Amino acid sequence: MIWLLFERLALNTSLIITLAYLVSKTKTFKKTLRGKASRKDMVLLICVFGAMGIAGTYTGIEIKGALANSRVVGVVAAGLLGGPIMGLGAGLVAGLHRVLLGGFTALSCGVATMIEGLFAGYIGLKFRHKRIKWQQSLIVGIVAEIIQMIVILAISRPFTQAWDLVQVIGLPMITMNGIGISIFIGVVQTALEEEEQIAALQAQKALQIANQTLTILRLGLNEKTALQVAQIIFDQTDMAAVALTDREKILAHVGKASDHHKSGMVIQTRATWLALESGGLKLAESREEIGCREPKCPLSAALVVPLRVGSQIIGALKIYREHGQKISPVDWEFGAGLGMLFSTQLEVAELEARAQLVAKAELRALQAQINPHFLFNAINTIVSFCRTDAEKARKLLIQLGDFFRKNLQSGDKFVTLQEECEHVRSYLAIEQARFSDRLKVEEKIEETALSCRLPGLTLQPLVENALKHGVYPGKGQGVIQILASLEPKNLVIQVKDNGVGISQEKLEQLRNGVKISTTGLGIGVQNVAQRLKYAYHNQACFTIDSTQGEGTCVTLTIPRQFSVE
């Protein structure tokens with residue numbers, strides 16, 4: 001009899017384990033395991049696990065006026081996986097059902113089922129943030145069944161009949177139901193771990209693709225970049241095809257059906273239009289929903305992922321499956337993650353483009369500020385030499401022309417330090433003619449540094465600031481020093497003056513990016529600092545040191561990998 005019970009209980013347990021596997025695949029159950037279940041989800045799962053307990057009762061074996069069954073498997077599993085509320089709830093459902101069936105163990109088995117569910121629930125709380133091992137769940141199952149045997153002996157009457165029953169069903173139920181609970185938990189957790197591993201691999205693949213497309217999408221979304229990105233996704237995945245669109249047309253289509261899904265075609269998929277309008281992911285589950293008019297088109301399903309820059313939808317990523325396949329939940333998560341990464345990359349590209357436009361606008365503003373003032377002063381100086389020293393006036397006109405030519409040519413591109421120094425010399429030639437012996441210029445530039453490159457119109461604003469706000473307001477001879485040297489990792493340039501210096505208050509404002517005035521001290525210095533920031537991606541260093549009454553030093557430190565050709 002005992003071996004027959006072992007065999008029958010093993011069969012019953014296999015049925016419960018099959019149900020466990022099916023339940024483990026549901027979204028509701030997965031949310032519960034992750035602690036994200038709503039009340040509605042909890043009620044639904046209590047009913048499901050309670051139903052498993054009822055199924056265990058109905059498949060039980062009648063012995064001595066009672067049932068040897070696997071009711072406890074579903075109830076204890078509910079407690080271990082969902083906590084006390086779910087364990088007690090499932091125990092109530094299965095336990096009350098057992099009470100209604102009648103028999104001399106009806107009440108004791110019903111009460112025991114509720115106690116077992118509550119007991120397992122409190123054990124489950126201790127494993128809320130970690131996975132319970134199969135050995136642990138086996139022990140819990142064995143203890144739960146021992147509790148049931150104790151409750152049967154404590155409540156069922158006559159006691160001698162209860163004792164005879166426990167002697168027969170005790171060992172088989174304790175052993176097989178304990179094993180069943182262990183396998184139940186193992187099946188559920190294995191299924192969940194496999195899904196997490198798949199999700200992790202998909203996330204890793206999405207990040208790898210995003211890394212490969214980073215430099216491409218910095219150029220924006222167009223037919224050329226879209227084709228490169230689509231090809232990378234297609235090569236890295238098993239998708240039937242990959243496409244990218246803007247808000248009106250297909251930019252690129254790679255993979256199957258590329259003979260009739262071509263770049264430049266107007267978007268045909270209704271799901272794509274809906275995604276572009278709503279900003280949410282859309283699924284096309286048939287060739288008709290895809291909108292293809294080609295009778296032999298192999299594409300059978302598509303996921304459309306909108307791409308956005310800020311709050312604006314600028315296009316869509318589309319991944320396809322071929323005939324006989326569907327878009328799986330894994331495909332959905334992969335597409336959503338990739339779309340989010342691409343959107344971030346496109347937004348960064350947009351911000352970089354805006355930053356470049358701002359830098360150019362500030363450069364033009366700086367040029368507009370320099371040119372009128374400098375031109376007016378230069379013309380007056382040259383006029384004064386026309387009668388007294390015509391040859392000097394002629395040379396100054398050449399220097400003036402050279403200055404403006406370089407000012408216009410070099411402002412929006414990189415030039416060598418030698419070219420930038422020539423530009424500064426043209427400027428200083430006019431200034432030295434104006435102030436004669438009051439201005440002395442010293443250059444100490446290493447020969448090896450002259451070939452290094454930097455943004456045009458970098459030094460001239462610093463030299464002009466040194467003259468206008470340092471040297472000229474002071475008394476006696478002013479000295480401007482331009483120093484440049486190559487260090488192991490950096491190009492270091494300094495513009496020094498022995499002028500009036502800057503007060504600590506104004507110096508702090510300059511360091512914090514506060515414009516002291518729109519026409520005076522600060523605009524040229526801050527413009528150079530901002531342009532260096534954009535040009536070298538925050539890796540160049542710009543510092544100002546000054547002592548009032550002694551002078552000012554501006555230092556530029558540029559990483560050599562950016563400055564040396």
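This is a predicted model: local features need pLDDT of at least 70, side-chain atom pairs count only at pLDDT 80 or more; totals for chains, interfaces and linings use all residues.
Two strands are said to pair if DSSP finds at least two bridges between them. S13 and S14 form a hairpin with three residues between the strands, in which Gly549 takes a positive phi near 90°.

Nine of the nine residues of S14 are buried, so the strand is largely enclosed by the rest of the structure. Gly551, Cys553, Thr555, Thr557 and Pro559 point one way from S14, whereas Thr552, Val554, Leu556 and Ile558 point the other way, and all are buried.

The largest nonpolar core has 36 residues, of which Leu417, Leu459, Val463, Leu467, Ile480 and Ile493 touch the most other members. Two or more residues are given to this core by each of helix H14 (417-435), helix H15 (459-471), strand S11 (478-486), strand S12 (490-497), helix H16 (504-511), helix H17 (523-535) and strand S14 (551-559). In soluble globular proteins, nonpolar side chains tend to be buried together. Val463 illustrates the contacts in this region: not counting residues up to four places away in sequence, Val463 touches Val424, Tyr427, Leu428, Ile480, Ile482 and Val495.

Helices H14 and H15 also pack against each other, at an angle of about 30° and with their axes 9 Å apart. Because angles under 35 degrees count as roughly parallel, H14 is roughly parallel to H15. Their crossing is right-handed. The contact is made by Leu417, Glu420, Cys421, His423, Val424, Tyr427, Leu428 and Glu431 of H14, and by Leu459, Gln460, Val463, Glu464 and Leu467 of H15.

Another part of the model contains an open sheet of five strands in the order S4-S3-S7-S6-S5, with antiparallel pairing. Strand S4 (250-255) and strand S5 (282-284) are the edge strands, each pairing on one side only. Neighbouring strands of this sheet are turned by 15° against each other on average, direction ignored. S5 and strand S6, residues 299-309, pair in the antiparallel sense over three bridges, and Ala284 stands opposite Ala302 in S6. Two helices pack on this sheet. Helix H9, residues 223-236, touches strand S3 (241-245), S4 and strand S7 (312-322), and its direction makes about 25° with that of S4. Helix H10, residues 270-278, touches S3, S5, S6 and S7, and its direction makes about 180° with that of S5.

The crossing of H3 and H5 is right-handed. Residues of H3 in this contact include Met42, Leu45, Phe49, Gly50 and Gly53, and those of H5 include Ile85, Met86, Gly89, Ala90 and Val93.

Ser108 lies in helix H6, residues 106-126. Its relative accessibility is 1%, and Ser108 therefore counts as buried. Not counting residues up to four places away in sequence, Ser108 touches Val151, Ile152, Ile155 and Ser156. Ser108 and Ile155 are 47 residues apart in sequence, but 5.6 Å apart in space, C-alpha to C-alpha.

Conventions
Residues are numbered from 1 along each chain as its sequence is written. Side-chain values use heavy atoms; hydrogens and water are left out. A nonpolar core is a set of buried Ala, Val, Leu, Ile, Met, Phe, Trp, Tyr and Cys residues joined through side-chain atoms within 4.5 Å. Buried means under 20% relative accessible area, exposed over 50%, partly exposed in between (1.4 Å probe, protein chains only). Helices (H or I, at least four residues) and strands (E, at least two) are DSSP runs, numbered from the N terminus. Contact means heavy atoms within 4.5 Å. Axes are lines fitted to C-alpha atoms, for helices over the stretch in contact, and angles run from 0 to 180 degrees between N-to-C directions. A crossing is left-handed if the near helix is turned anticlockwise from the far one by less than a right angle, and right-handed if clockwise. Angles under 35 degrees count as roughly parallel, over 145 as roughly antiparallel, 65 to 115 as roughly perpendicular and the rest as oblique.
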